[in-house]
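Subject: Structure for your review

Dear colleague,

Please find the structure below, followed by an account of what was found in it. I would be grateful if you could read the two side by side.

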Amino acid sequence: MSFFTTSTGENAAATATGEFSAGGGDFAPIPKDTRVLAMCDEAKISEFQGQSYINLKWSIAQPKEYKGRVIFQKIKCWEADSNKRDKALRMLAAIDANAGGKLAASGAEPTDLSLQTSLTAKPMVLKLGVWELEDKSKSGNWVQEVSKHQPKPGTAAPAPAPKPQPALKPAPVAMDDDLDSIPF
């Protein structure tokens, strides 16, 4: 059986025409001012055209109609405009406070590792806005507000994604230097 054999027995390579559409991708934006329960899956420092920013990837858990949708958020903490920088720092501080406050407690400039370990897998409520290009050819969502998730009594918060387990190291092998006991 070929690697390219599908679950129905079809050979995907034999029928390939060089064109394929996975479908989806053109979701309408989530309506403005919608509140969603989401968790940060990724947090890292990125750069575009010489400007560094914190890039967060949020996965929506609730409501059901938006479950699985992804929202990206840029937090421009290194912005030259002091008003924009201050606003970005307040947003990061609010996200950090909802995630346990480890970044603020350290007082240090964040790194990829500190962002990832401090901000991910913590449920939060996001209020979404809608952005649109001037020619209205594209639109999407952005994070207007963040707030702490307060589960309703008797309900459980969504389980965080499991963290990868470190690779196990093999146990040391004991060496027997008594070669006289070998029977040949």
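A residue is called buried here when its relative accessible area is under 20%, exposed when it is over 50%, and partly exposed in between. Please bear in mind throughout that this is a predicted model.

Helix H1

By that definition, the buried residues of H1 are Ala-88, Met-91, Leu-92, Ile-95, Asp-96 and Asn-98. Viewed along the helix axis, the buried residues of H1 fall within an arc of 165 degrees, so they line one face of the helix. The face turned away from this buried side carries the exposed residues Asn-83, Arg-90 and Ala-97. Among the elements that cover the buried residues of H1 are strand E2 (51-62), strand E3 (70-75), helix H2 (102-106) and strand E5 (139-148), together with H3 and E4.

The helix runs over residues 82-98, and its 17 residues should span 24 Å at 1.5 Å a residue; the end C-alpha atoms are 24 Å apart, in agreement with this. At the start of H1, a side-chain oxygen of Asp-81 comes to within 2.9 Å of the backbone nitrogen of Asn-83. Just after the helix, Gly-100 adopts a positive phi of about 120 degrees.

Salt bridges

The structure contains three salt bridges. In one of them, the side chains of Asp-33 and Lys-127 meet at 3.6 Å, N to O. Asp-33 belongs to the segment before strand E1 (35-48) and Lys-127 to strand E4, so this pair ties together parts that are 94 residues apart in sequence. Asp-33 is partly exposed, at 40% relative accessible area, whereas Lys-127 is buried, at 16%.

Glu-145 and Arg-35 also form a salt bridge through their side chains (3.4 Å, N to O). Because Glu-145 lies in strand E5 and Arg-35 in strand E1, the pair connects parts 110 residues apart in sequence. Both partners are partly exposed: Glu-145 has a relative accessible area of 34% and Arg-35 one of 45%.

Through shared partners, Asp-33, Arg-35, Lys-127 and Glu-145 are joined into one network.

Thr-120

Thr-120 sits in the loop between helix H3 (112-119) and strand E4 (123-132). Thr-120 is buried, with a relative accessible area of 7%. Its side chain reaches the backbone oxygen of Gln-116 at 2.5 Å. Leaving aside residues up to four places away in sequence, Thr-120 touches Cys-40, Asp-41, Glu-42, Ala-43 and Leu-115.

Yours sincerely

Terms used
Residues numbered from 1 in each chain as written. Predicted model: local features only at pLDDT ≥ 70, side-chain atom pairs only at ≥ 80, totals over all residues. Heavy atoms only, no water. Helix = DSSP H or I, 4+ residues; strand = E, 2+ residues; numbered from the N terminus. Buried < 20%, exposed > 50% of the residue type's maximum accessible area, 1.4 Å probe, protein only. Polar contact = N/O pair within 3.5 Å; in protein donor to acceptor, adjacent residues only side chain to side chain. Contact = heavy atoms within 4.5 Å. Expected span 1.5 Å × (residues − 1). Arc of directions from axis to C-beta. Salt bridge = Lys/Arg side-chain N within 4 Å of Asp/Glu carboxyl O.
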